[in-house]
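Take a look at the sequence and the 3D structure below. We'll walk through a few spots together.

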Amino acid sequence: DIPEIPESISFCRALQVADFSGNPLTRLPESFPELQNLTCLSVNDISLQALPENIGNLYNLASLELRENLLTYLPESLAQLQRLEELDLGNNELYNLPETIGALFNLKDLWLDGNQLAEIPQEVGNLKNLLCLDVSENKLECLPEEISGLTSLTDLLVSQNLLQILPDGIGKYKRLSILKVDQNKLIQLTDSIGDCESLTELVLTENQLQSLPKSIGKLKKLNNLNADRNKLTSLPKEIGGCCSLNVFSVRDNRLSRIPSEISQATELHVLDVAGNRLTYLPLSLTTLKLKALWLSDNQSQPLLTFQTDTDPETGEKILTCVLLPQMPSEPGCQDNLPRCGALESLVNEVSDETWNERAVNRVSAIRFLEDEKDEEDNEM
């Protein structure tokens, strides 16, 4: 519940680590940047509205955490933090980034998720040492081609934006392990994705993709591929080339078949093809050691075919099928016969009175032949 930091904190010349997160502060004292031995500063979730303009004077800073504040802009002097390796600006109100952010050459982790960014300056491509870039939950419609300069990148998170395409330069990410592009507006996936040779996780959920590029089969280290809720009408046979694929999910698409080459992905253990339009599965699937297979909601036709007919009594046009009309069970039905719910009998007739009387006293049971000796115990 500390409401403010006194200006006199600047006399703590040897201070290296300061964490004021979660206090009801709204500002840092103007003298704060005089703490020139500070290496780690955490001021998460304090309703901070602005940074001191001379924040760049903290030139020994290696980690700066500013998550969950009310920052709308960054001071130009931020570019002077040449030793900064970690910068967390997630969940603020930033509408743009200064071009000078490209001067933070030693930056390894940059979190910008949960802001209002409509674009990223091309200078971000200068961050050659960047390992993790998170720009999820913004308003990005495109990524600059210069972003291909981030050749050290291992994690790229761009979920929940407005991206329609990814730059071709993404293929230069030879170290990229995790790529999350879910909840965007992707209409196609660049062929160069196949050059991301270290990719282990690719998340494409909730986009507008109608196909996947053939080059995806070059991803020999890919372990998890999720393309749920797209508009995929087919899968490339090259998908079998993903020899390390463990989990493959394409739920809620428009697939009518699965290529038999999927069996070449011998490490596949989880396959989710629910909510498609599959009429059959390839026989080659039996060679896989699947632990889980989802197939629900693939029915392309109704279970029953209805015919039009005319009611002989009223002359009304009606629909009928093989199961209509249903007939009630016969009254003397032997109790030791297995029952099949409402379909106990389709051919015997009884009076309404008898039917109602039996319905009241009705007991449903499933019996198994090997359990005959326990019949009396297990009847209920």
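## Two strands side by side

How many bridges join strand β14 to strand β15, and do the two run parallel or antiparallel? Four bridges link β14 (residues 307-310) with β15 (residues 317-320), and the two strands run antiparallel. If you'd like one spot to look at, find D309: it stands opposite I318 in β15.

The two strands form a hairpin, with six residues between them. Look for G315 in the turn, which has a positive phi of about 80°.

## The chain as a whole

Before we go on, note that this is a predicted model. The protein chain has two helices and 15 strands. Of its 380 residues, buried ones make up 42%.

As for contacts, take those in the chain with a separation of 6 or more: residues 24 or more positions apart account for 21% of them. The accessible surface of the chain comes to about 20500 Å², and carbon and sulfur atoms hold 49% of that surface.

## A pair of rings

How many aromatic pairs does a search of the whole structure find? It finds one.

Where do the two rings sit in the chain? Both F20 and F32 lie in the loop between β1 (17-19) and β2 (40-42), so the pair ties together parts that are twelve residues apart in sequence.

Are these two residues buried or exposed? F20 has 16% relative accessibility, so it counts as buried. F32 is at 0%, so it counts as buried too. The cut-off behind both calls is a relative accessible area under 20%.

Now go to S10, in the segment before β1. Its relative accessibility is 5%, so S10 counts as buried.

What does the side chain of S10 reach? It gets to the backbone oxygen of E7, at 3.2 Å. Leave aside the neighbours within four places in sequence, and S10 is in contact with S31, E34 and L35.

N91 isn't a glycine, yet its phi is positive, at about 55°. You'll find N91 in the loop between β4 (86-88) and β5 (109-111). Its relative accessible area is 30%, so N91 is partly exposed.

D252 is the other one, with a positive phi near 60° in a residue other than glycine. Where does D252 lie? Its place is the loop between β11 (247-249) and β12 (270-272). With a relative accessible area of 34%, D252 is partly exposed. Why do N91 and D252 both get that label? Partly exposed covers the range between the buried limit of 20% and the exposed limit of 50%, and their values are 30% for N91 and 34% for D252.

Key
Residues numbered from 1 in each chain as written. Predicted model: local features only at pLDDT ≥ 70, side-chain atom pairs only at ≥ 80, totals over all residues. Heavy atoms only, no water. Phe/Tyr/Trp six-rings, centres within 6.5 Å; stacked < 30°, edge-to-face > 60°. Buried < 20%, exposed > 50% of the residue type's maximum accessible area, 1.4 Å probe, protein only. Pairing = 2+ DSSP bridges. Polar contact = N/O pair within 3.5 Å; in protein donor to acceptor, adjacent residues only side chain to side chain. Contact = heavy atoms within 4.5 Å. Areas by Shrake-Rupley, 256 points an atom, 1.4 Å probe, with all protein chains shown as cover.
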